[in-house]
Amino acid sequence: MLIFVDESEWPRPRIPGGFTVWAAVGLETGKTKEFFRELFNLEKKFWKVNEPFDFEMKGRLLLNRKAMTSPKKREFTEEVLSLCKLNRVVAFAVGLRYPENVAMQGANEPNTFTVIRDLVDRVEAMMSESHPDETALVIFDSQEDKKDLERALEFGNYVYGTPRGRSVSHVSDIPIFASSKVTKGLQIADLFAYALAQQNNTDRSEIKPLCDRIREMEWRSADVDENGPWRGFRFRTA
């Protein structure tokens, strides 16, 4: 299983009370080539591109207020979501709202460790339940050396440095960093993250139907306890 992860923050630049969403999409390894080929065919249909890297799906370009008034961009996005569901894409998301009142410098920084912990725990639960003989590989959108290093360190801090992290057995302990420009899975994660961040931090009712379709792909455990099923989405205050 491949787990593609990207982040969307609103508003930008970051302010107290702002919101960030890290979204992850899970794809079965043997199905990625055909799925990405279908996405490329869709891009050729709408945008007349010649190569898979000629068009990069970005939430801020396809789902901003102006873009949502474009029938072409809206139809394209809806068809992308249909392909995702048809190919059994599994969605995860962790949302963090920054404190309104910042008590000290740096207090409104995103808690990367918390996000990685919440995502890894959910992916581990899914793999244990549905793919017990497999290992999930987590792939982050590469930003720059400093950001990638921070995420790699926090990933390692969790899986090596905590009792719960050390018990993880279905998620690779080494994350991968890739370019979103040539990685369709990361582009889907970006689309999901942007839509969910907008819905949770703005009054954009027009984006709700698309978010509802994304939520249909949310992973949910078949095991139910007194708190309900283990779910793929978690939104919290930082």
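A cavity is here a set of grid points where a 1.4 Å probe fits but cannot get out, and the exercises below apply this and related terms to a predicted model.

**Exercise 1.** Determine how many cavities of 30 Å³ or more the model contains, and which residues line the largest cavity.

*Solution.* By the rule above, the count comes to 1 cavity of 30 Å³ or more, and the volume of the largest cavity is about 60 Å³. Its lining is formed by Ile3, Val5, Ile116, Leu119, Val120, Val123, Val138, Phe140 and Phe155. Turning to secondary structure, β1 (2-10), α4 (112-130) and β4 (137-141) each contribute at least two lining residues, with the largest share, 4 residues, coming from α4. Sorted by class, this lining has 9 nonpolar residues and neither polar nor charged ones.

**Exercise 2.** Describe the lining of the second largest pocket by class and by the residues that lie nearest its centre.

*Solution.* The second largest pocket, with a volume of about 220 Å³, is lined by 13 residues, of which Glu28, Arg88, Val90, His131 and Trp219 lie nearest its centre. The lining divides into 6 nonpolar, 3 polar and 4 charged residues.

**Exercise 3.** Classify the packing of helix α3 (residues 71-86) against helix α8 (residues 208-215).

*Solution.* The two helices pack at an angle of about 10°, and their axes are 10 Å apart. Because angles under 35 degrees count as roughly parallel, α3 is roughly parallel to α8, and the crossing of these helices is left-handed. At the contact, Arg74, Thr77, Glu78, Leu81 and Ser82 of α3 meet Pro209, Leu210, Arg213 and Ile214 of α8, giving by class 4 nonpolar, 2 polar and 3 charged residues.

Note on methods: Residues numbered from 1 in each chain as written. Predicted model: local features only at pLDDT ≥ 70, side-chain atom pairs only at ≥ 80, totals over all residues. Heavy atoms only, no water. 1 Å grid on protein atoms, 1.4 Å probe; cavity = no way out; pocket = protein on both sides within 12 Å on 5 of 7 lines; lining within 4 Å. Points joined across faces, edges and corners; volume = space filled by probe spheres on them. Nonpolar A, V, L, I, M, F, W, Y, C, P; charged D, E, K, R; others polar. Axes fitted to C-alpha atoms, helices over the stretch in contact; angles between N-to-C directions. Parallel < 35°, antiparallel > 145°, perpendicular 65-115°, else oblique. Left-handed = near helix turned anticlockwise from the far one by under 90°. Contact = heavy atoms within 4.5 Å.
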